[in-house]
Amino acid sequence: MMRRIHHAGIVVKNLRDAYRFYRDTLGLPLVREAEITDQGVRAALLAAGETEIELLEPLDATNAVGRFLAKRGEGLHHFCFETDVDRCLASLKERRVELLDTTPRPGLAGRIAFLHPRACAGVLVELATGDAPGAPAPSPLDLQRLVIGARESRKTAELFQRLFDLPEVAIDGGSRTTLGVGRGALLVVPAAEVGGIEGMVALSLVAEDFADLMARCDRAKVKCLGGPGEVTIAPASSHGVRLHISR
Ligand code: CMX
């Protein structure tokens with residue numbers, strides 16, 4: 001039912017500053033940018049392989065995204081599945097799952113609807129019809145995994161499996177669960193293994209040309225921790241998001 005992770009949404013103070021890192025340093029191509037007035041945001045989608053990264057700048061400090069920014073700072077805000085939104089909403093309604101949108105509305109990713117974070121272990125999940133089929137924009141980075149921290153990781157993984165009919169594709173010693181979504185995956189891990197963070201923790205990406213990417217990060221003075229084939233970009237450099245990048 002879930003065709004792919006359509007995008008991971010990141011709240012930023014300012015789109016122009018965030019472009020400097022995500023578009024100019026990482027090299028992610030801008031797919032589109034628009035103001036979504038009913039949501040009180042200016043949003044931009046950037047291609048990252050099969051999926052996309054959505055940057056969200058609140059238009060004022062008092063709306064839902066503005067309050068999120070004030071309370072938690074810049075960082076991961078939600079993620080979105082591409083699916084048949086009407087069918088999926090009908091099925092979720094039948095199961096009395098708590099929704100923010102009971103009917104789809106227009107968004108940057110097509111017709112969209114949000115579930116309440118209370119229904120998804122504190123994670124804000126969006127559903128979207130996605131774009132008309134076409135070749136994805138070529139991108140130097142492929143977003144492959146989204147990491148979710150949970151106090152009871154097994155239970156949370158089972159919840160996501162049940163809600164979205166996701167296959168379990170790998171078990172790592174019983175404490176980590178990988179759920180397949182298209183060519184990508186959700187990795188549910190115990191919060192204790194990720195500094196106690198519950199909810200969206202990190203994004204894992206694979207670089208087409210790792211050496212070139214490292215050179216660009218170096219020129220832009222981006223702080224990277226790690227070894228020769230895999231780095232974690234310090235959240236201070238990536239607008240609050242832990243980015244794991246491997247070759
Ligand atoms: N993920 C997880 N929890 C969130 C959250 C998020 N993105 N945003 C807010 N919350 C939590 C808050 O931390 C708070 O938790 P506590 O009660 O434990 O403190 C609780 O939700 C209430 O927060 P609030 O600021 O009072 O916000 P509201 O209750 O008014 O709304 C939410 C919260 C999630 C329903 C709201 O942010 C919302 O409607 N979001 C969906 C719409 C959206 O995000 N649009 C932007 C995307 C645009 C697009 O792609 O089209």
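## Ligand shell

The shell around the ligand splits into nine nonpolar, three polar and five charged residues. The model is predicted. Of the 17 residues around the ligand, the nearest are Gln-39, Arg-67, Lys-71, Arg-72 and His-77.

Which element gives the largest share of the shell? The answer is α2, with six residues.

## Polar contacts and cover

Lys-71 places a polar side-chain atom 2.4 Å from an oxygen atom of the ligand. In the side chain of Glu-54, an N or O atom is 3.2 Å from a ligand oxygen atom. His-77 uses its backbone: an N or O atom there lies 2.9 Å from a nitrogen atom of the ligand.

How much of the ligand does the protein cover? On its own, the ligand has 960 Å² of accessible area, and the protein covers 69% of this.

## Pocket and elements

The ligand takes up the space of the largest pocket. Two or more residues of the shell come from each of α2 (64–72) and β7 (110–114).

Asn-63 sits in the loop between β4 (51–58) and α2. Is Asn-63 buried or exposed? Its relative accessible area is 13%, under the 20% cut-off, so Asn-63 counts as buried.

Asn-63 and Gln-39 are 24 residues apart along the chain, and their C-alpha atoms are separated by 7.9 Å. Gln-39 is also one of the residues that come nearest to the ligand.

## Two positive phi values

Ala-121 belongs to the loop between β7 and β8 (125–128). Its phi is positive, about 55°, although Ala-121 is not a glycine. Ala-121 is partly exposed because its relative accessible area, 36%, falls between the 20% and 50% cut-offs.

Lys-221 lies in the loop between α5 (210–219) and β14 (224–226). Lys-221 is a residue other than glycine, and its phi is positive, near 60°. Where does Lys-221 fall, buried or exposed? Its relative accessibility is 72%, over the 50% cut-off, so Lys-221 counts as exposed.

Terms used
Residues are numbered from 1 along each chain as its sequence is written. This is a predicted model: local features need pLDDT of at least 70, side-chain atom pairs count only at pLDDT 80 or more; totals for chains, interfaces and linings use all residues. Side-chain values use heavy atoms; hydrogens and water are left out. A residue is near a molecule or strand if one of its heavy atoms lies within 4 Å of it. A polar contact is a pair of N or O atoms within 3.5 Å; within protein, one must be able to donate a hydrogen and the other to accept it, and residues adjacent in sequence count only if both atoms are side-chain atoms. Accessible areas come from the Shrake-Rupley method with a 1.4 Å probe; for residues, only the protein chains shown count as cover. On a 1 Å grid over the protein atoms alone, a cavity is a set of points where a 1.4 Å probe fits but cannot get out, and a pocket is an open set with protein on both sides within 12 Å along at least five of seven lines; lining residues have an atom within 4 Å of a point. A molecule sits in a cavity or pocket if more than half of its atoms lie within 2 Å of its grid points. Helices (H or I, at least four residues) and strands (E, at least two) are DSSP runs, numbered from the N terminus. Ala, Val, Leu, Ile, Met, Phe, Trp, Tyr, Cys and Pro count as nonpolar, Asp, Glu, Lys and Arg as charged, and the others, Gly among them, as polar. Buried means under 20% relative accessible area, exposed over 50%, partly exposed in between (1.4 Å probe, protein chains only).
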